[in-house]
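Me: I would like to learn how to read a fold from its model. Can we go through it feature by feature?

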Amino acid sequence: MPIDTPITRLLGVKTPVVSAPMAGASGGALAAQVTAGGAFGFLAAGYKSAESLIDEISLARRILQLSSSELLPIGVGYLGWQLEKSTAKPEAMLSAALDNHIQAIWLAFGNNLGQWIKFIRDYDAQHKRSRSTIVFVQVSSVEEALVAIHDWKVDVLVAQGNESGGHGHRSAPPLLTLVPSLLAVTPKDGPPLLAAGGLVTGGQVASLLVLGASGAVLGTRFLATPESQYTDVQKKALVAARSDATVRTLAFDRARGTLDWPTGVDGRGLYNSTVKDLDSGVDVEIVKAKFNEGVRNGDTDRILVWSGAGVGLISEIKGAKDIVQELHEDIVKCLQVASGLCNDKRE
């Protein structure tokens, strides 16, 4: 049975789940299979060129068997700081998605996201698009949410709690604190709110729907899929990880030299010797050399595996479409139970 929320109506999907745009992991195949399962898939622009991004979008279109003129029911996620670099070609990067009739764009981690939202709105107006591009903006505080709602007029808010894998604001509160805080300042006719951070199961998604969210974003669960661009070594590391295996750190960015993130942003991943060495004061050049060697050799004690706090709940590698369908069934069951409990209390 379909689940009716503001986000399912806005996106035209039956399951209120969105796959996160994860750089180095979310390509056209993953986005397409999530959408094919009845949820909504995003691919990540990440560090790609415009040409590479177009290739991934084209792959998604082929998998979904849609012509080049049809609306493509996936989204593309962009890192704001990447668009803002002096060497970037932001108009070309954004147009790579817009020219290819994608349904949504997700923006995060920028110092001036408003300029990119204006670019998207202007593009839609100039091209007389019958359906406007749906703009998602990721936030981690009430202050960010108020700007996104009132100044930028975004279509969807993504509340990213501290539990989320990959990059996020280290000062972000836990998801179960953040979501009610944002709902309290969101007008009734405001944008739908999606919850993101450490979510793996349908029961978790259902609990957030009961709390008032319109849906949920899952990232780590979709890393452990055949369609994910993670390596087999990384996927196996996720399946083997315990619930206490993750840590928030800048160690992997220091090892990779990716330090242009906005102030206050770090990343959550699986703890290993790369983190241990840098925390212990080992020279960064030595750590970089060991990290690069680990990448070449597939050494899980050195490589980067971004992961949310819910990783211990992942027990197998499964197709993205199957995951969505399993999530849908579990969400429905949990909502039915929650409804029964509420009715019992009323009686």
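Reply: We take the sheet, then the helices, then the pocket. This is a predicted model, where local features need pLDDT of at least 70, side-chain atom pairs count only at pLDDT 80 or more, and totals for chains, interfaces and linings use all residues. Residues are numbered from 1 along each chain as its sequence is written, and side-chain values use heavy atoms, with hydrogens and water left out.

Me: What is the strand order of the open sheet?
Reply: Start with the terms. Helices (H or I, at least four residues) and strands (E, at least two) are DSSP runs, numbered from the N terminus. Two strands pair if DSSP finds at least two bridges between them. Here 8 strands form an open sheet with parallel pairing, in the order β1-β9-β8-β6-β5-β4-β3-β2. β1 (17-19) and β2 (41-44) are the edge strands, each pairing on one side only. From one strand to the next, the twist averages 25°.

Me: How many bridges join β1 and β9?
Reply: β1 pairs with β9 (residues 215-218) over 3 bridges, in the parallel sense. Val17 stands opposite Ala216 in β9.

Me: Which strands does helix α5 touch?
Reply: Contact means heavy atoms within 4.5 Å. Axes are lines fitted to C-alpha atoms, for helices over the stretch in contact; angles run from 0 to 180 degrees between N-to-C directions. Helix α5 (residues 90-98) packs on the sheet and touches β3 (72-79) and β4 (102-108). Its direction makes about 145° with that of β4. Helix α6 (residues 113-126) lies across β4 and β5, at about 165° to β4.

Me: Which residues of α7 are buried?
Reply: An α-helix has 3.6 residues a turn, so residues three or four places apart point the same way. Buried means under 20% relative accessible area, exposed over 50% (1.4 Å probe, protein chains only). In α7 (residues 142-151), the buried residues are Ala145, Ala148 and Ile149. They lie on the same side of α7 because they cover an arc of only 90° around the axis, taken from the directions from the helix axis to the C-beta atoms. Glu143 and Asp151, on the other side, are exposed. The cover over the buried residues includes β5 (134-139), β6 (156-160) and α8 (175-185).

Me: Which element gives the most to the lining of the largest pocket?
Reply: β3 gives the most, with 3 residues.
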